[in-house]
Amino acid sequence: MAILEVRNLTHFFGGLRAVFKFDLALQEGEVLGLIGPNGAGKTTVFNLVSGFYHPTEGDICFRGNEIVRLRPHEVTALGMARTFQNIRLWNTLTVFENLCISQHSKLGYGILGTIFRSRGFRTSERCIRKTAEEILDILSLRHYANEYPKNLPYGLQRRIEIGRALAMRPHLLMLDEPAAGMNPGEVDQLIELITWIRDKFQLTIWLIEHHMRVVMNICERIVVLDFGETIAQGTPEEIRQDPRVIQAYLGDADSIDA
Amino acid sequence: MRKYSSHLLYGSFCLLILIAVQENFLNAYLQLIIMFMGVNIILSTSLNLVNGYMGEFSVGHAGFMAVGAYVTSVLNVWLFTSDRVFGPAVLPAGSVIYLFPVTLLMGGIVAALVGLLVAIPSFKTRGDYLAIITLAVNYIVKSAIENIQVIGGARGFMGMRNIVSSMHEVVNVPWVMIWIFAGTGFSVWLIHRFVTSTYGKGIVAVRDDEIAANIMGVNTRRMKMVAFMLSSGLAGIAGGLFAHILGYINPGSFTIMKSTEVMVMVYLGGMGSLSGSVLSAVGFTIILELFRPLQVIKWVAIPLLLILLMLFRPEGLLGHRELTDVFPRLRRIFVPQGKRA
Amino acid sequence: MNIDTLVQNLLNALQWGSFYALIALGYTLVYGVLLLINFAHGDIFMVGAYIGFFLATFLLGQYALALPFSLPPHVIFLVTLLLTMILTAFAGVTLERVAYRPLRRKGVNRLYVVITALMCGLILENGNLALLGANRRNFPQLLDNTVYSLGGVTFSDVKLLVIFATIAVFLLLETIVRKTKLGMAMRAISYDRMAVPLMGIPVDTVIVFTFALGSSMAALAGVLFATAYPVLEPYMGALVGWKAFIAAVIGGIGEIRGAFAGGFLLGFVEIFVAAFFPSTLRDLIAFSILLVFLSIKPTGIFGVARATKI
């Protein structure tokens, strides 16, 4: 069954066509890669799906809910979590607090509960802390629980960001260039981590990546975007040989000659 | 036991002061300073919620204070005294000792509603533009009051002295001081509970990265609304108390200068530090009194102080940390066991 | 309202808006370059008016130390205006050097610089009060303020001077910003402040130039204001400054056109509110309009929302 269905998604920035008639059906448990040259509209697709932009046209259906008009936190509450191309952790909060706050959409209390420390507050806070502690252990971040993210190395920050998304216990995890800026060793770790997360949490994973080793190793299916349009999709093997993909990435041999 | 050590400490401190006042150990001037400290603590901690924890730049806190001051005062004068404008007392004058907290809270609630005027534009804009909106609200409140003749317009509003004296007629204890202690305790308690909860920390996430906060599940609009309303509501309560210390208020007390004073306190203590705000409110009240003989030069010296602070210690005295972080020993007394920092 | 009063009010609004526009310019220029709300700018206007006062009275020979010759009032006015603009420009640059630059060098949060600016404003106001005392000063009359009457509309030399000076300044500034190297550097900085220093543009020079330009415009406003309303007091810059800032924001801060549009708009609103309602409502209505306007279009008339990239 499709966990996420995108139909006819189109988005314009002013006159610029960023995404055009994008269709996608993401199956439960799948690992899908979204690739394409710079500026192809990959992150825009993510932003549209996660509710940060509202599309000019098209439908997005997530776990049976129409989410096109929802605000980002409402989409998140339905079980979608993502990371960002440029790390966006909350830098004046500790790693532990980062993991707690991302569970905001699961809070079982409001302002009154906060003030009067209601039963709902106490159970909810306990549950949040427990989840955060689990994530710390799972991602071996325990040692950094009380550090501020900005003081930690880049690879670690990426891991924390994935942890922050996982703390929401999402059904769909969207990773925006998780390997960007990593050294080869860190990339190997990342590949291992993502595969492991998928098995452990039974997640559906959708990732944008330029790093071909990551994409070819993890993804079961790949969608290629160029100028906002899907130009190819298939297994890593098919994509590797698709002439349109090679053309999109390397340019048209004829036009270079001309 | 540790869980309540700060409550106990504050309670006994208040009791000590009240006894001292009752037994005439403290002269009227010192009492006045202590009461202003209380009001300033409420103001600085509540502004810190918005300017420190949420990282917005509100420059019109005195406007909300004015709303609270006028609502509480007018309600009290209307309900409990015979007034030329508002007619005879609606309720027996003595009942004010029970109902004062209610009118105070009403002032806070109305101020919180005025806070919406700032909260709603803050959905779309932040930073410098929002600063202007808060400034405009400050001016709007002030000029609105100046134009309502029923409550005295620019001349001001009085009659709160009668309220205080009818409290004294029932039981002769320092009532205003008691309400101020209660209000200050309430305000610090409330903010502390808010900012230590996962819910309340949502506003810190908004400060650090609003977009990420929204995408990671924080309802940023609601958090902004809650923070602005909480902050302005508490400022309203501070205003209500302020009005009853003086027994007289006029729109001139709630200008941008007053807002600036509160801002100085917040930045002096450190943004995002509750204990810093309390300390700086106390310190600032004292400095203000020490500088009083300097008259005009006071208002050269205080800004200069803040400029030097910005230059040499821009994060303020404590800056995002609490006293318990600076002096870890305090933690043994004040932080309940088994709680992570 | 008949046509005469309408024209009369229009004229008054143009003059009143001119002051706002000239001051708003300083806010907008500095904001464009540094992303800093220079809250002390309103007080620079006040400083300008005072410098103008002392220069004018000195040139008129009202002090023990006087010029050996006397000048005709027109010349005094011109000399005062020019010298005031230069001296106030120095004051503005000094402010930048002493208070803002050290902070900027330390790379602190932008907010701290804003607070410092606010404090500098207070120091200027209260320092003036402490130094010169609370008594108001009367700006000497240098131009014989002839009042003309055309139908039911009266207008004076000064009023026309203010309006024309403002328009001239607008044209001059637009030229500076579009045609000169420094002006282009200013625009470049507001467009991309990371790349500009890497391109070899001397950022500090541009900043100094910006402050000098903004402050001299405030000085121009100060002298013109003092000529039209010849009473000076230390807090004269506070409210006018805040309102000019509002004008800058309404116009879209960082845009020269915006400062003028916003300034005149605010002038019109205030004058016409005062024409229809009791004048005590003027601030209330002006600020309410601002609030509504900014809630609907937060970037102002000419301001462009910067897209957030994620």
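**Charged side chains and buried positions**

In this predicted model, A:Arg119, A:Arg122, A:Arg126 and B:Lys3 form a positive surface patch. One of these residues, A:Arg122, belongs to helix α5 of chain A, which spans residues 119-138. A:Arg122 is partly exposed because its relative accessibility is 46%, and a patch takes in residues with over 30% relative accessible area and no salt bridge.

Paired charges come next. Side chains of opposite charge can pair when their charged atoms come close. Over all chains, the count of salt bridges is 32.

One of them lies in chain A, where A:Arg240 pairs with A:Glu237 at 3.8 Å between the closest N and O atoms. A:Arg240 and A:Glu237 are three residues apart in helix α9 (residues 236-241) of chain A, so about one helical turn separates them. A:Arg240 is partly exposed at 47% relative accessible area, and A:Glu237 is partly exposed at 42%.

In chain C, a salt bridge links C:Arg282 to C:Glu270, with 3.9 Å between the closest N and O atoms. C:Arg282 is in helix α11 (residues 282-296) and C:Glu270 in helix α10 (residues 256-276) of chain C, so the pair ties together parts twelve residues apart in sequence. C:Arg282 counts as partly exposed, with 28% relative accessibility, whereas C:Glu270 counts as buried, with 1%.

Salt bridges with shared partners also join C:Glu96, C:Arg101, C:Arg104, C:Arg105 and C:Asp204 into one network. C:Arg101 is buried at 9% relative accessibility, and C:Glu96 is buried at 0%.

Two further buried positions remain. B:Trp299 sits in helix α13 (residues 298-312) of chain B and is buried, its relative accessible area being 11%. Leaving aside residues up to four places away in sequence, B:Trp299 touches B:Met257 and B:Glu261, as well as C:Leu122 and C:Asn126. Eleven residues along the chain separate B:Trp299 from B:Leu288, and their C-alpha atoms are 9.4 Å apart.

A:Val68 is in the loop between β5 (65-66) and α2 (72-77) of chain A. A:Val68 counts as buried at 11% relative accessibility. With residues up to four places away in sequence left out, the contacts of A:Val68 are A:His54, A:Pro55, A:Gly58, A:Asp59 and A:Ile60.

Notes
Residues numbered from 1 in each chain as written. Chains lettered and ligands numbered in written order. Predicted model: local features only at pLDDT ≥ 70, side-chain atom pairs only at ≥ 80, totals over all residues. Heavy atoms only, no water. Patch = residues over 30% accessible without salt bridge, like charges linked within 9 Å, V, L, I, M, F, W, Y side chains within 5 Å. Areas by Shrake-Rupley, 256 points an atom, 1.4 Å probe, with all protein chains shown as cover. Salt bridge = Lys/Arg side-chain N within 4 Å of Asp/Glu carboxyl O. Lys, Arg positive; Asp, Glu negative; His and termini not counted. Charge placed at Lys NZ, Arg CZ, Asp CG, Glu CD. Helix = DSSP H or I, 4+ residues; strand = E, 2+ residues; numbered from the N terminus. Buried < 20%, exposed > 50% of the residue type's maximum accessible area, 1.4 Å probe, protein only. Contact = heavy atoms within 4.5 Å.
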